[in-house]
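Subject: Structure handover

Hello,

Here is the structure I said I would pass on. My notes on it follow below.

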Amino acid sequence: MTQKIIDENKARLLLLVKLDAEHLMERIEFRFSDYMGTWALKRIRTHFVDVFKNRYSDLDMNDLRLFSQELIVALDVFYKEVEELCWYLNHTEDMPATAEEHAQRRIRSIKGHFSTLHLYLEAELGHTQEEAAAVS
């Protein structure tokens, strides 16, 4: 019974992390022209908080210990790269065209890390669902 509860909690947590990463990636990629345009025209940076907000930073070590080592590394790599882009955009003194080129390069890198993360999440979600079915 306890194992089933752990598996259900792990599956829920995995799903929440997956959705968080997907939504973050969508905001970064598909709203790029909007947030870069706002920054270039108005020279404000407050909107980056909304673009880069995520729930991963709210997880604690007890949550993460449920995940495989490979998934933890994939999460760390993806979110660290996102954090680096956020830091750059919030602190750069580059001109808009240069900042846009730099951000596009970072986004290509983030997309690659997201693909890897997505594979690990899907694999672990599938494994967790199989475990839950076996316990039932």
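Leaving aside neighbours within four places in sequence, which residues is Tyr35 in contact with? Please keep in mind that this is a predicted model. In it, Tyr35 is in contact with Arg27, Ile28, His47, Phe48, Val51, Leu89 and Ile107, once those sequence neighbours are set aside.

First, the overall layout. The protein has six helices and zero strands, so that its pattern along the sequence reads α-α-α-α-α-α. Of its 136 residues, 35% are buried. The exposed surface comes to about 8,500 Å², and carbon and sulfur atoms supply 55% of that area. Among contacts with a separation of 6 or more, 80% are between residues 24 or more positions apart.

Next, the core. The largest nonpolar core has 36 residues. Tyr35 is one of the members that touch the most other members, together with Ile28, Phe52, Leu75, Phe78 and Leu89. Two or more residues of this core come from each of helix 1 (2-30), helix 2, helix 3, helix 5 and helix 6 (96-135). Helix 5 gives the largest share, ten residues.

Where is His47 placed? His47 sits in the loop between helix 2 (32-42) and helix 3 (48-52). Is His47 buried or exposed? The relative accessible area of His47 is 16%, and the cut-off for buried is under 20%, so His47 counts as buried. Not counting residues up to four places away in sequence, His47 touches Tyr35, Thr38 and Trp39.

The largest pocket has a volume of about 220 Å³. It is lined by 13 residues, and those closest to its centre are Asn54, Tyr79, Val82, Glu83 and Cys86. Helix 5 (residues 69-91) supplies nine residues, the largest share of the lining. By type, the lining divides into six nonpolar, four polar and three charged residues.

Regards

How values were computed: Residues are numbered from 1 along each chain as its sequence is written. This is a predicted model: local features need pLDDT of at least 70, side-chain atom pairs count only at pLDDT 80 or more; totals for chains, interfaces and linings use all residues. Side-chain values use heavy atoms; hydrogens and water are left out. Helices (H or I, at least four residues) and strands (E, at least two) are DSSP runs, numbered from the N terminus. Buried means under 20% relative accessible area, exposed over 50%, partly exposed in between (1.4 Å probe, protein chains only). Contact means heavy atoms within 4.5 Å. On a 1 Å grid over the protein atoms alone, a cavity is a set of points where a 1.4 Å probe fits but cannot get out, and a pocket is an open set with protein on both sides within 12 Å along at least five of seven lines; lining residues have an atom within 4 Å of a point. Grid points are joined across faces, edges and corners, and a volume is the space filled by probe spheres set on the points. Ala, Val, Leu, Ile, Met, Phe, Trp, Tyr, Cys and Pro count as nonpolar, Asp, Glu, Lys and Arg as charged, and the others, Gly among them, as polar. Accessible areas come from the Shrake-Rupley method with a 1.4 Å probe; for residues, only the protein chains shown count as cover. A nonpolar core is a set of buried Ala, Val, Leu, Ile, Met, Phe, Trp, Tyr and Cys residues joined through side-chain atoms within 4.5 Å.
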